[in-house]
Amino acid sequence: MRPPVLLKRWLPVAGLATLLSGCVPSRQSMPVMLFVAVAVQDESNLTSDNAALFRERFQELIKDFRRIHPNVMVQPALYPEGQLRQQLQIRDRAGLGPDLILTGAESANTLLRAGLVDPMPNTPQLRDASSPELRQRLTNRRGQLAGQPMVLFPQLACYDRRQLATPPTTISGLLKTSAAGVPVGLPMDLRQLLWTAGTFGAVPGLYEAAMGRQPSPLQTAQIRHWLSWLQEASDQQRFSFQPDQTSLRHSLSKGSLAWVSCSSGELDLLRETMGNRLGVATLPNGDAHPATPVDRLRVLALGRNSSPIQRQMSLALIEFSVGPLVQRNLTLESLSFLPSNPHVRIPVQSSGVLQAMVDSRQQSRSVETLLADVHQEDPRIKAMHAEVIVPLLFGLVEPGLATDRTIAILRRTP
């Protein structure tokens, strides 16, 4: 049974005094406090500077929202994404869970499975504010939606202009860049390496295996070519595979790497440390196939402990946040993410970074179906990392065996 909603969560003392005095205010004038839990992807990002930057942007959004709903106050709280579920479980048991949660798509899916968020209502307004493929990434087998898409952080290439005048445009060119003495870096994380699979046409074969089917001989060969390239890259002296994206970002900032894959969500941090040294481009394509970058989708989800008026105002804030004008303004002010609303027109002529993000988003559409079925917390992802990617990069298994393992792991029932 859902814990009882505590009166003090939604009715400030001033509002309570008004009720006791015998005057009942309208729902539009009654003070309403919304609590918003904001998940940060990793703990290294949970710094005072980042918190201040987020609060500044978020407060601008709230400031505009309060022009329409002046009685609504919003209190955000930041949590590392890895701790979000635990923190919400604690607060939920006390009936003090947040009204809204801003988090990643896969985190929202996990919270819905755990019963820590309510499904998003399937209203025409919210449907129209998102593309079907993004909603598919948030829809469970019962047709419930874990959250409303808000913004996208495309996967890009970030490079140091002082060390690399022109970034490579092909996957073979990336190896040549490294062989020429330019330090290049990629993460070991499978999902962040998935863009390289697309350059060899390997994504359809991976999807076939994920659906429990045996890939065709051609698809199997494409998977093997992809894994062979990863091992070849790891054998190069100036090609570095690092544990996570944070390590890559620090190495690029310090100048020990000249080219890395990155998320647009890191651009603010990189701009602060690199200034004009920072270059941004799309990820390299293959000779016959485009790259398949994996963007990070941030969503708004509904907490379980809201009063009726808090739920009403939470949905109003969600609809406001995904409106075309608000989404366009947020995008142009930050230059670090794309709107989820497909009706927003992005002036790419005004910014090379915007053009790179839009191009990356177009590339990523071909991997959406795979991402909808193989989420970050899928046990097959961890198995692939431990049994394929790590031993492959360290030269402990050959690409042929790694291909067989990949197919066998993905064909398991999750």
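1. Let me start with the crossing of α9 and α11: α9 passes α11 in a right-handed crossing, where right-handed means that the near helix is turned clockwise from the far one by less than a right angle, and left-handed that it is turned anticlockwise. Helix α9 covers residues 190-198 and helix α11 residues 217-235, and their axes come within 10 Å and cross at roughly 110 degrees. The two are therefore roughly perpendicular to each other; the classes are under 35 degrees for roughly parallel, over 145 for roughly antiparallel, 65 to 115 for roughly perpendicular, and oblique for the rest. From α9 the contact draws on L190, L193, T196 and A197, and from α11 on W226, W229 and L230. Contact here means heavy atoms within 4.5 Å. Axes are lines fitted to C-alpha atoms, for helices over the stretch in contact, and angles run from 0 to 180 degrees between N-to-C directions.

2. A word on the basis of all this: the model is predicted, with local features needing pLDDT of at least 70 and side-chain atom pairs counting only at pLDDT 80 or more, while totals for chains, interfaces and linings use all residues. Residues are numbered from 1 along each chain as its sequence is written, and side-chain values use heavy atoms, with hydrogens and water left out. Helices (H or I, at least four residues) and strands (E, at least two) are DSSP runs, numbered from the N terminus.

3. Helix α11 has a further neighbour worth a look, α18 (residues 379-393). The axes of α11 and α18 come within 8 Å and cross at roughly 40 degrees, and the pair is therefore oblique. On the α11 side the contact involves L227, L230, Q231 and S234; on the α18 side it involves V388, I389, L392 and L393.

4. M188 counts as buried because its relative accessibility is 13%; buried means under 20% relative accessible area, exposed over 50%, and partly exposed in between (1.4 Å probe, protein chains only). Leaving aside residues up to four places away in sequence, M188 touches L193, F241, Q242, P243, H385, I389, L393 and F394. With L393, 205 residues apart along the chain, the C-alpha separation is 8.5 Å.

5. Now to the sheet. Six strands form an open sheet with mixed pairing, in the order β2-β1-β3-β10-β4-β11; two strands pair if DSSP finds at least two bridges between them. At the edges are β2 (72-80) and β11 (338-339), each pairing on one side only.

6. Strand β1 (residues 32-40) runs parallel to β2, with nine bridges joining them. Within that pairing, V38 has L78 as its bridge partner, and A39 stands opposite Y79. Three bridges join β1 to β3 (residues 100-104), again in parallel, and here V36 is partnered by L100. Seven of the nine residues of β1 are buried, so the strand is largely enclosed by the rest of the structure.

7. Helix α4 (residues 81-93) has 13 residues and reaches 19 Å from its first C-alpha to its last, close to the 18 Å expected at 1.5 Å a residue. That expected span is 1.5 Å times one less than the number of residues. In α4, E81, L84, L88 and D92 are buried, and what covers them includes β1, β2, β3, α5 (105-113) and β10 (296-302). Just after α4, G95 takes a positive phi of about 70 degrees.

8. Helix α5 is mostly covered, with eight of its nine residues buried: A105, E106, S107, A108, N109, T110, L111 and L112. The cover over these residues includes α4, β3, α9 and β10. G115 follows α5 and has a positive phi, near 75 degrees.

9. If you are checking backbone angles, please have a look at L335. Its phi is near 55 degrees, a positive value in a residue other than glycine. L335 is found in the loop between α15 (324-334) and β11 and is partly exposed, with a relative accessible area of 27%.

10. Finally, K254 lies in helix α12 (residues 245-254). K254 counts as exposed because its relative accessibility is 68%. K254 and T273 are 8.5 Å apart in space, C-alpha to C-alpha, and 19 residues apart in sequence.
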